[in-house]
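Subject: A structure for you to look at

Hi there,

Here is the structure I promised to pass on. Have a look through it first, and then read my notes below.

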Amino acid sequence: MLLAKDRFCTDKHMANERVIVVGAGSISNAWFGPIQAEELQVAAVVDLRIDAAWAQIDKYKLSDAIASNDLGKTLHEIKADFVIDLTIPQAHCEVTCKALAAGLHVIGEKPMAASMDEARRMIAASDKSGKLYMVSQSRRWDSKHATIAKTLGDGAAGKVTTLNCDFFLGAHFGGFREEMPSPLILDMSIHHFDLARMFSRQSAVSVYAEEFNPAGSWYKGDVAANCLFEMAGHVRFAYRGSWCAEGFPTSWNGDWRIIGEKGTLLYAADKDPSGEVVSGDEGFMRSRSLMPIAQVEISKTGMHGALDEMLRFLRTGSVPQTDCHDNIHSLAMVLGAIESSKAGKRIQIGDL
């Protein structure tokens with residue numbers, strides 16, 4: 001029987017790994033700090049705008065790195081252990097498949113791909129090459145989120161039946177987000193959808209969604225949405241979100257109410273999660289007591305946490321939680337919600 005960790009070819013004695021960074025846009029600034037903290041060797045920075053690649057090399061004093069605007073040539077000529085893909089979503093499939101075919105592992109920014117067909121091609125490329133492709137879902141590496149997942153996984157609320165997430169901000173980005181279609185679902189909601197999977201340990205079966213653009217919106221595309229997902233195990237996930245909601249903003253992580261057979265866990269305004277469970281069996285409203293919360297501390301958070309899981313994989317063979325074979329289910333929630341809104345009907349995730 002082939003175990004998940006046996007799909008991949010790794011050198012479990014690596015240290016000071018060499019990495020090629022593809023994409024020198026603003027998101028790369030969130031990655032070079034963790035890269036340098038882990039004392040990795042940046043072998044190359046690749047960007048279609050070679051001046052941008054040189055700018056990041058100079059900014060972070062990457063004296064051993066070359067700048068390139070030719071990914072294929074760089075993969076052929078430069079020795080490295082893995083690639084960090086920080087390109088736009090429309091380029092993820094091409095970059096990842098080229099890197100895997102060249103014999104390099106890949107960690108890439110979310111979302112995994114621009115379509116389910118591309119995502120399946122990327123999984124096939126990982127399987128064929130024997131190299132890992134993982135997606136950085138940065139909010140998984142957060143102490144509060146890990147605490148919620150552990151508390152629910154331990155059964156503190158009983159079997160989870162319902163997850164609710166509200167996300168409302170008046171976000172004035174300017175630039176491409178205010179011009180793109182489905183900016184909320186495509187660019188932001190994947191974080192919340194992936195957290196719903198992390199908290200419930202279930203993937204979506206179906207979705208009914210409505211995207212819309214409220215009066216007074218400064219966005220061209222639909223920037224608000226209501227979504228109702230059926231998850232496996234008869235769990236329901238209700239999501240309400242908007243980037244065009246002025247006043248009383250939620251946190252970027254959303255405000256959560258998670259209901260189980262024995263009680264409810266609340267997580268809002270980025271405060272510590274808390275919960276109540278039923279402690280009595282009499283009365284119209286049963287008596288309640290505080291839910292035991294299983295505290296988890298994550299020392300390396302966000303992108304650094306994702307990078308740490310990639311390095312752990314390279315050194316020990318431990319498969320990351322956001323391996324492409326798993327993360328495609330978070331992408332499916334995004335694309336399913338958009339398809340449901342377009343079709344005006346409930347969509348079966350498995351039909352995508």
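Let's begin with Glu276, which is partly exposed at 39% relative accessibility. For that term, buried means under 20% relative accessible area, exposed means over 50%, and partly exposed is in between (1.4 Å probe, protein chains only).

Before going further, a note on the source: this is a predicted model, where local features need pLDDT of at least 70, side-chain atom pairs count only at pLDDT 80 or more, and totals for chains, interfaces and linings use all residues. Residues are numbered from 1 along each chain as its sequence is written, and side-chain values use heavy atoms, with hydrogens and water left out.

**Salt bridges**

Side chains of opposite charge can pair when their charged atoms come close. A salt bridge here is a side-chain nitrogen of Lys or Arg within 4 Å of a carboxyl oxygen of Asp or Glu, and that rule gives 18 of them.

Glu276 pairs in this way with Arg288, at 2.9 Å from N to O. Glu276 sits in strand β13 (residues 274-278) and Arg288 in strand β14 (residues 288-290), 12 residues apart. Strands (E, at least two residues) and helices (H or I, at least four) are DSSP runs, numbered from the N terminus.

Another salt bridge joins Lys110 and Asp187, whose closest N and O atoms are 3.9 Å apart. Lys110 is in the loop between β5 (105-109) and α5 (116-129) while Asp187 is in helix α7, so this pair ties together parts 77 residues apart in sequence. Both Lys110 and Asp187 are buried.

Arg236 and Glu230 also meet, at 4.0 Å from N to O. Arg236 is partly exposed, at 34% relative accessible area, whereas Glu230 is buried, at 17%.

**The nonpolar cores**

A nonpolar core is a set of buried Ala, Val, Leu, Ile, Met, Phe, Trp, Tyr and Cys residues joined through side-chain atoms within 4.5 Å. The largest has 77 residues, and Phe199 and Trp256 are among those with the most contacts inside it. Which residues does Trp256 contact, leaving aside its neighbours within four places in sequence? Among them are Leu163, His192, Phe199, Phe237 and Tyr267, where contact means heavy atoms within 4.5 Å. A second, separate core has 30 residues, including Val45 and Tyr60.

**Two helices**

Phe199 turns up again in helix α7, where Leu195, Met198 and Phe199 meet residues of α6, including His145 and Leu152.

Enjoy exploring!
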